[in-house]
Amino acid sequence: MATGTAPGPMRVLVLGASLRGDSLNARLAALVARLVRDEAGAEADHAHMDEFSMPLYNGDAEIAEGLPPGALALRDRLASCDALVISSPEYNASLPGGLKNAIDWVSRVRPQPFKDKQALLVSASPSMVGGNRGLWALRIPLEHLGARVYPDMFSLAKAHEGFTADGDLAERGLHERLVESVTSFLRLVEADTRYVCLRRRWYEFLGDCTDAPVTQRAQD
């Protein structure tokens, strides 16, 4: 009896969304990438936002010049992974402009790579809310584009005091919660990408039709 080839390990893009080299979110992204490898046995493609340089989105520039290389590079890295983790700072109670700009550019690629991509959102901030308001804002464009954003987000408050010299979280309970969030998320990703038994379709709003312009733009 012939048997199929066993699938390789899952691959996860872990994106540190701050442009600063040694930002708190870069440190959190590095920790998440390590947990993806060590705790979940998956492959982590650890990326930093400054690897994907691109101008502010301009529809005229897109028509005249096409998509910038940075947007295409991010699209390629995203398309090659089973799931996405974004570690994002909070700017003025919202997401950083550079991250939103990158999402806007990449969303212009066809097929649109965010659709049906499982995503986990984490943040680190010196504030007492840990960047959580920025993650709620970040959910909006990702879910509009059809990404399946994991309900349990993780925000590290007082993050300037939150890491050990080894890169773990200083508070043991928080570290264990992050490990549980990452491993639970990846169990869902495995079920969704390896054991698909239902055909799903995303809708912009209740009663929407799949040929409505906004849904077609988001899904295609």
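Keep in mind as you look around that the model is predicted.

**The cavity**

- How many cavities of 30 Å³ or more are there? The count comes to 1.
- The volume of the largest cavity is about 70 Å³.
- Strand 1 (11-16), helix 3, strand 3 and helix 4 are the elements that each give two or more residues to its lining.
- Which element gives the most to this lining? That is helix 4, with 3 residues.
- Sorted by type, the lining of the largest cavity has 10 nonpolar residues, no polar ones and no charged ones.

**Helix 3 against helix 4**

- Helix 3 (residues 69-79) packs with helix 4 at an angle of about 80 degrees, and their axes are 9 Å apart.
- An angle from 65 to 115 degrees counts as roughly perpendicular, so helix 3 is roughly perpendicular to helix 4.
- On the helix 3 side you can find A71, L74 and R75, which meet A102, W105 and V106 of helix 4.
- The residues of this contact divide into 5 nonpolar, no polar and 1 charged.

**A buried aspartate**

- Look for D45 in strand 2 (residues 43-48).
- Is D45 buried or exposed? Its relative accessible area is 9%, and buried means under 20%, so D45 is buried.
- Leaving aside neighbours within four places in sequence, D45 is in contact with R11, V12, L13, V14, R77 and C81.

**Backbone spots in the loops**

- Where is the cis peptide bond? It joins R110 and P111, with omega at about 0 degrees.
- P111 lies in the loop between helix 4 (97-106) and strand 4 (118-124).
- D116 is also found in the loop between helix 4 and strand 4. D116 has a positive phi of about 65 degrees, although it is not a glycine.
- With a relative accessible area of 23%, D116 is partly exposed.
- A93 has a positive phi of about 65 degrees too, and A93 is not a glycine either.
- You will find A93 in the loop between strand 3 (83-87) and helix 4.
- A93 is partly exposed, with a relative accessible area of 38%.

Terms used: Residues are numbered from 1 along each chain as its sequence is written. This is a predicted model: local features need pLDDT of at least 70, side-chain atom pairs count only at pLDDT 80 or more; totals for chains, interfaces and linings use all residues. Side-chain values use heavy atoms; hydrogens and water are left out. Helices (H or I, at least four residues) and strands (E, at least two) are DSSP runs, numbered from the N terminus. Buried means under 20% relative accessible area, exposed over 50%, partly exposed in between (1.4 Å probe, protein chains only). Axes are lines fitted to C-alpha atoms, for helices over the stretch in contact, and angles run from 0 to 180 degrees between N-to-C directions. Angles under 35 degrees count as roughly parallel, over 145 as roughly antiparallel, 65 to 115 as roughly perpendicular and the rest as oblique. Contact means heavy atoms within 4.5 Å. Ala, Val, Leu, Ile, Met, Phe, Trp, Tyr, Cys and Pro count as nonpolar, Asp, Glu, Lys and Arg as charged, and the others, Gly among them, as polar. On a 1 Å grid over the protein atoms alone, a cavity is a set of points where a 1.4 Å probe fits but cannot get out, and a pocket is an open set with protein on both sides within 12 Å along at least five of seven lines; lining residues have an atom within 4 Å of a point. Grid points are joined across faces, edges and corners, and a volume is the space filled by probe spheres set on the points.
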